[in-house]
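Trainee: I would like to learn how to read salt bridges in a model, beginning with the general idea and then turning to the case at hand.

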Amino acid sequence: MTTRRPVTIHDVAREAGVSKSTVSRILDERRPVSSSATAERVREAAQRLGYRRDASASALRRQQTGTIGVLVPRLSDAVMAMFFEEVARACRDAARFAIVATTGDEPRTEAIAAETLLAQGVDGLVMTTARADSDTTERLRRQGVPLVLALRTDGATPASLCDDELGGFLATRHLLDLQHRRIGLVAGPDYASSALGRRAGHARALAEAGVELDPALVRASSFGMESGATEAGALLDTADPPTAIFAINDNTAVGVLAAAQQRGLSVPDDLSVVGYNDIPLSARLPVPLTTVHVPLDQVARSAVDMLRTLLDGRPVEEDRTALPTLIPRSSTAAPASLRRR
């Protein structure tokens, strides 16, 4: 029995009546899709002949392994787990493979994890772990490592982001529209640009509504549930507690809900709560959580596309920024004092 030889790029070029380099350029998934008549003819010829691109051979020719390293603080965080899945999906669509490492959001572990992935031969890195108090990204750039940040930025490295200032604005504007004026903020950590952006949006919404920002209503936190419960408890135990709290992410918002329950407060009758990210759990809580939706699929695909651009030896001219949307649910309502009128 004769084994049919694989269809090659030479066959496609001959069938389409173009050069091999033209076929290679048109069928290279790293490049923007062309709609020219020649491109259509090449793609039709490739499909008709049953041509299949050899991703491993292509990677070897470029002296690349076809793998991308992804750094996240922790996979127990739903946002980071979801983001990595989206990156992995985008990599598969680009004939690449994603490898993940966790850092615990610690600068020293971040540096070790990055070097370990690079030692394993990844072509470049997508990092969600940028911190204002860490020089890891700067050192990697000096070493010439192809690198894209995601969800956070250091202001210097190419980054795929969500507009966190807009997201913070939308969250607080929603509470202001419900007539809340004492709005607490469980504000996240100072080292994360994402938290700082949401804080800035919160402040802008208050300023536009003519509401003075009360520093006593702002509590720094981590991104975790326990921290959310602790800091919300500190806000709720004051002599003049807030009627609403904007939590820097959905995890801390769950902590806020727990703190309210521990104090016998009803949500939203006694306290309105807004989260951020729109993880699947937020819609399935006993009181579904009003939150800000972040399009993680868009952020992930942009990050992978930007990294592929760098791997092609081309510069990334500017960051890419996705837009968040507010998702109103049952955890927010007008203050009880207004509803009783």
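This is a predicted model: local features need pLDDT of at least 70, side-chain atom pairs count only at pLDDT 80 or more; totals for chains, interfaces and linings use all residues.

Mentor: Residues are numbered from 1 along each chain as its sequence is written, and side-chain values use heavy atoms, with hydrogens and water left out.

Trainee: How many salt bridges does a search of the whole structure find?

Mentor: Side chains of opposite charge can pair when their charged atoms come close. A salt bridge here is a side-chain nitrogen of Lys or Arg within 4 Å of a carboxyl oxygen of Asp or Glu, and the search of the whole structure finds 23.

Trainee: Which parts does the pair Glu165 and Arg204 tie together?

Mentor: The side chains of Glu165 and Arg204 meet at 3.3 Å, N to O. Glu165 belongs to helix H8 (residues 164-177) and Arg204 to helix H9 (residues 193-208), so their pairing links parts that are 39 residues apart in sequence; helices (H or I, at least four residues) and strands (E, at least two) are DSSP runs, numbered from the N terminus.

Trainee: Is Glu231 buried or exposed?

Mentor: Buried means under 20% relative accessible area, exposed over 50%, and partly exposed in between (1.4 Å probe, protein chains only). Glu231, at 13%, is buried, whereas its salt-bridge partner Arg219 is partly exposed at 33%.
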